[in-house]
Amino acid sequence: ATAEPETVLYSAKLSMKGKSANVRIAADSESELVGRMYNGETVDVLSEADGWYLVKGQSIERDEIMGYV
C-alpha cells in the first residue's frame with residue numbers, strides 16, 4: 001500500500017522574532033523536539049490548529065523535517 005500524499009495548505013517563508021523555531025513531534029510545547037527551522041527557510045504548511053502549524057520542509061540541520069511549530 002502506498003501512503004497518501006500530504007495536502008499542502010500553502011507554502012510560507014519562516015519569519016519569527018528569534019533566529020529559529022523548535023519543531024516538535026506533537027502540537028504541545030512539552031512534546032519531543034524533532035529539530036529546528038530557521039528564519040528564511042521555506043516550509044509547506046499541512047495544517048493549522050490552536051496556534052500550532054504542522055509543517056514540512058528542508059532545514060539546514062536536516063534534509064527533511066516535519067513537525068509542529
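In strand β5, residue W52 lies opposite A49; strands here are DSSP runs of E with at least two residues, numbered from the N terminus, while helices are runs of H or I with at least four. The structure is a predicted model, in which local features need pLDDT of at least 70, side-chain atom pairs count only at pLDDT 80 or more, and totals for chains, interfaces and linings use all residues. Residues are numbered from 1 along each chain as its sequence is written, and side-chain values use heavy atoms, with hydrogens and water left out.

Strand β4 (residues 42-49) pairs with strand β5 (residues 52-57) in the antiparallel sense over six bridges, where pairing requires that DSSP finds at least two bridges between two strands. The two strands, β4 and β5, form a hairpin with two residues between them. D50 is located in the loop between β4 and β5. The phi angle of D50 is near 50 degrees, a positive value in a residue other than glycine. D50 counts as exposed, at 79% relative accessibility; the classes are buried at under 20% relative accessible area, exposed at over 50% and partly exposed in between (1.4 Å probe, protein chains only). Strand β5 is also joined to strand β6 (residues 65-68), by four bridges and in an antiparallel arrangement. In this pairing, V55 stands opposite G67 of β6.

V55 also belongs to the largest nonpolar core, whose seven residues are L14, V23, M37, V43, V45, V55 and I65. Such a core is a set of buried Ala, Val, Leu, Ile, Met, Phe, Trp, Tyr and Cys residues joined through side-chain atoms within 4.5 Å. In soluble globular proteins, nonpolar side chains tend to be buried together. Neighbours within four places in sequence being left aside, M37 is in contact (heavy atoms within 4.5 Å) with L14, M16, K19, S20, A21, V23, V43, Q58, S59 and I65.

Strand β1 (residues 10-13) contains K13, which is exposed, with a relative accessible area of 60%. K13 and G40 are 27 residues apart along the chain, yet their C-alpha atoms are separated by 5.5 Å. Beyond neighbours within four places in sequence, the contacts of K13 are G40, E41 and T42. Y10 is likewise found in strand β1, and its relative accessibility of 34% places Y10 in the partly exposed class. Together with L9 and Y53, Y10 makes a nonpolar surface patch of about 270 Å². Patches consist of residues with over 30% relative accessible area and no salt bridge, like charges being joined within 9 Å and nonpolar side chains (Val, Leu, Ile, Met, Phe, Trp, Tyr) within 5 Å. A salt bridge is a side-chain nitrogen of Lys or Arg within 4 Å of a carboxyl oxygen of Asp or Glu. Accessible areas come from the Shrake-Rupley method with a 1.4 Å probe, and for residues only the protein chains shown count as cover.

In the segment before β1 lies E6, a residue that counts as partly exposed at 40% relative accessibility. E6 and L46 are 40 residues apart in sequence and 6.9 Å apart in space, C-alpha to C-alpha. Residues up to four places away in sequence not being counted, E6 touches L46, K56 and M66.

S31 is situated in the loop between β2 (20-24) and β3 (33-38). S31 is buried, with a relative accessible area of 12%. Its contacts, apart from neighbours within four places in sequence, are R24, I25 and A26.
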